[in-house]
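Hi everyone, thanks for making time.

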Amino acid sequence: MPWIYVWLGISFAAMIVELITCNMFAIWVMASGLVALVLASCSVAWYIQLIVFAVLTAVLILLVRRWINAGLKKLADKKKAKEEISEDKQEDNIEQ
């Protein structure tokens, strides 16, 4: 039962850090903590919980974070391009 509280604490702390920083890092720790929480509530051994938490966190940070950040960068670039087009149209309307 105490491991449930450990994983709740880790997940909550990671959520707070992610809300403060918004760098798409702590969210993966939070997700892994929630998976470990489910394992703890199913009475899985503590060392299995730790292994799953560590491996899942590493996989999510190394693989998924890079993919998500690339997608967010593309969205930001598209938004910036649309804003530039909109500004150009406004300047053209002012000149006419």
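I'll start with the overall layout, then go through a few residues one by one.

First thing to keep in mind: this is a predicted model. So how confident is the predictor? The mean pLDDT of the chain is 85, and 88% of its residues reach 70 or more. Confidence is highest in helix 2, with a mean of 95, and lowest in helix 3, with a mean of 79.

Now the layout. The chain has three helices and zero strands, so if you read along the sequence you get the pattern α-α-α. There are 96 residues, and 21% of them count as buried. Here's a number about the contacts: if you take those with a separation of 6 or more, 61% are between residues 24 or more positions apart.

Let's zoom in on helix 2.

Which residues of helix 2 are buried? They are Ala26, Trp28, Val29, Met30, Ser32, Gly33, Ala36, Leu37 and Ala40. While you look at that list, remember that an α-helix has 3.6 residues a turn, so residues three or four places apart point the same way.

Pick one from that list: serine 32, which sits in helix 2. Its relative accessible area is 0%, so serine 32 is buried. What does the side chain of serine 32 join in a polar contact? The partner is the side chain of threonine 57, at 2.9 Å. Setting aside neighbours within four places in sequence, serine 32 is in contact with Phe53, Leu56, Thr57 and Leu60.

Next, let's follow the chain out of helix 2. Serine 43 lies in the loop between helix 2 and helix 3. Just after helix 2, serine 43 takes a positive phi of about 60°, and here the positive value is in a residue other than glycine. Buried or exposed? Serine 43 has 65% relative accessibility, so serine 43 counts as exposed.

Valine 44 is also found in the loop between helix 2 and helix 3. With a relative accessible area of 26%, valine 44 is partly exposed. Not counting residues up to four places away in sequence, valine 44 touches Leu39 and Gln49.

That brings us to glutamine 49, which is in helix 3, residues 46–95. Glutamine 49 has 2% relative accessibility, so glutamine 49 counts as buried. What is around glutamine 49, once we leave aside neighbours within four places in sequence? The contacts are Trp3, Trp7, Ala36, Leu39, Ala40 and Val44.

Two tryptophans on that list take us to the aromatic rings. How many aromatic pairs does a search of the whole structure find? The search finds four. In one, the rings of tryptophan 3 and tryptophan 46 have their centres 6.2 Å apart and their planes at 10°, so the pair is stacked. Tryptophan 3 is in helix 1, residues 2–21, and tryptophan 46 is in helix 3, so the pair ties together parts that are 43 residues apart in sequence. Another pair is tryptophan 46 with tyrosine 47: the centres are 5.9 Å apart and the planes are at 90°, so that pair is edge-to-face.

How accessible are these rings' residues? Tryptophan 3 counts as partly exposed at 28% relative accessibility, tryptophan 46 is partly exposed at 48%, and tyrosine 47 is partly exposed at 45%. Ring pairs link Trp3, Trp7, Trp46, Tyr47 and Phe53 into a cluster.

Last stop: the cysteines. How many disulfides are there? The count comes to zero. Cysteine 22 is exposed, with a relative accessible area of 58%, and cysteine 42 is exposed too, at 55%.

That's my tour, and I'm happy to go back to any part of it.

Key. Residues numbered from 1 in each chain as written. Predicted model: local features only at pLDDT ≥ 70, side-chain atom pairs only at ≥ 80, totals over all residues. Heavy atoms only, no water. Buried < 20%, exposed > 50% of the residue type's maximum accessible area, 1.4 Å probe, protein only. Helix = DSSP H or I, 4+ residues; strand = E, 2+ residues; numbered from the N terminus. Polar contact = N/O pair within 3.5 Å; in protein donor to acceptor, adjacent residues only side chain to side chain. Contact = heavy atoms within 4.5 Å. Disulfide = S-S within 2.5 Å. pLDDT = per-residue confidence, 0-100. Phe/Tyr/Trp six-rings, centres within 6.5 Å; stacked < 30°, edge-to-face > 60°.
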